[in-house]
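Please look over the sequence and the structure below before reading on. The paragraphs that follow walk through some of the packing and the ligand surroundings.

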Amino acid sequence: MLKLKNVPDLRKVPTPFWYYDMDLFRRTIDTVAALSQEYGVIVHYSIKANAEPRLVDYIAAAGLGADCVSGNEVLYAMEHGFAPEKIVFAGVGKTDRELSDALRAGIGSFNSESLEELQTLDRLAGEMGLKANVSVRINPDVDAHTHRFITTGLEMDKFGIPKKDMDQVIDLVKSSRNLHFKGLHFHIGSQITDVENVFTNECISANGIVAYFEDHGLRVDNIDLGGGLGVDYYNPDSHAVPEFGLWFQTLTEHLRHRPDQQIHVEPGRALVAQCASLVARVIFVKEGERKSFVILDAGMNDLLRPALYGAYHKIENLTYKSDELRLYDVVGPVCESTDVFAEDRTLPLTRRGDLVALRSGGAYGSVMSSTYNMRAPAYAVFSDEPFPDFK
Ligand code: LLP
């Protein structure tokens with residue numbers, strides 16, 4: 001159960017807000033930083049998961065790199081202390097402007113996702129008299145066994161360069177004077193829970209592709225296996241820190257690599273999901289003809305994951321305890337039928353005015369929020385700071 005620290009009278013605080021457990025956050029980052037050293041796996045935080053400045057600053061100071069997917073993320077990462085050479089930049093649709101800005105900044109690697117992108121980067125770098133560090137993102141056609149909407153490594157997906165284009169890529173990179181080939185990149189999907197099997201399959205596929213590039217005369221110094229490590233949305237307290245050790249062990253064991261080759265990863269969710277909860281108030285409990293609706297003052301505009309992916313977030317009542325269990329649909333106030341956090345969820349008896357926490361919202365929560373219906377954004381509260389004063 002979530003315990004709020006430094007929160008004054010719970011009945012009076014404005015809602016909804018994001019509550020950050022900063023002890024857990026720091027413990028998670030310190031753990032991944034230590035394991036990164038132990039296993040020799042270089043970690044880039046995927047900033048898209050949560051760009052809260054306090055989190056990003058701490059992650060940069062812990063020595064991790066950054067994984068970005070837009071020009072603005074690259075600029076933001078640099079403003080928040082990531083050295084350019086520790087930044088990797090993926091994405092299927094980088095504009096000329098985004099490519100030139102990142103080139104000028106001297107980022108560590110463009111993780112390029114199409115032949116056209118490589119040709120454009122080659123031309124821009126030539127015009128600017130610079131050399132672009134590139135890794136080639138190959139679509140390995142490996143199933144991540146996760147939700148279809150967060151699967152990225154199948155032939156049906158828009159991501160990565162199809163294997164059929166590998167020869168053309170190799171020719172282009174070898175003939176270019178403006179591209180500095182760093183290595184290969186893969187990312188097969190997100191919220192991967194079958195860690196050993198899925199990441200072993202990714203490694204097996206990567207082994208073949210790395211060998212193909214090297215056999216064709218390109219030295220692969222960096223092998224970036226992407227992000228994707230899942231978290232336990234059902235048991236956020238007993239599995240608060242994800243299994244980074246198991247992940248790194250699986251990768252280092254199954255990826256064929258020489259001592260001079262560096263393994264990189266790009267976790268987002270695993271670093272930040274468990275450290276934040278969305279705290280909301282029950283506005284009404286409405287007894288419908290077929291369902292009981294718990295109506296919150298947070299909606300899909302605050303936390304989109306349930307509406308978009310049918311994602312599960314644990315819901316806890318922070319202010320009222322009851323032994324009586326009821327079946328509820330927990331919904332938001334937004335004028336959309338998909339504004340549902342949980343359908344047919346068994347919860348203790350819930351009443352108007354109760355405060356509830358939607359757990360594990362630290363990743364892809366606040367960053368995917370909007371002001372739809374002209375709703376005000378949820379504010380942030382940190383466990384190690386006084387509660388914001390609204391007077
Ligand atoms: N690297 C690349 C190239 C990515 O596209 C992503 C995530 C990551 C790394 C980080 O993946 P993670 O470790 O967080 O699984 N909004 C969805 C997740 C979308 C993930 C997009 N790409 C959700 O709420 O589940």
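**Helix pairs and ligand site**

Helix 7 and helix 8 cross in a right-handed manner, a crossing being right-handed if the near helix is turned clockwise from the far one by less than a right angle, and left-handed if anticlockwise. This is a predicted model, in which local features need pLDDT of at least 70, side-chain atom pairs count only at pLDDT 80 or more, and totals for chains, interfaces and linings use all residues. Residues are numbered from 1 along each chain as its sequence is written, and side-chain values use heavy atoms, with hydrogens and water left out.

The axes of helix 7 (residues 195-215) and helix 8 (residues 244-254) come within 9 Å and cross at roughly 30°, which makes helix 7 roughly parallel to helix 8 (angles under 35 degrees count as roughly parallel). In the contact (heavy atoms within 4.5 Å), Val195, Glu196, Phe199, Thr200, Cys203 and Asn207 of helix 7 meet Leu246, Trp247, Thr250, Leu251 and His254 of helix 8.

For helix 1 (residues 22-39) and helix 2 (residues 53-61), the axes come within 10 Å and cross at roughly 30°, and this crossing is right-handed. Helix 1 contributes Met22, Phe25, Arg26, Ile29 and Asp30 to the contact, while helix 2 contributes Arg54, Leu55, Tyr58 and Ile59.

A polar side-chain atom of serine 190 lies 2.3 Å from a ligand oxygen atom, whereas a polar backbone atom of glycine 268 is 2.9 Å from an oxygen atom of the ligand.

How values were computed. Axes fitted to C-alpha atoms, helices over the stretch in contact; angles between N-to-C directions. Helix = DSSP H or I, 4+ residues; strand = E, 2+ residues; numbered from the N terminus. Polar contact = N/O pair within 3.5 Å; in protein donor to acceptor, adjacent residues only side chain to side chain. Parallel < 35°, antiparallel > 145°, perpendicular 65-115°, else oblique.
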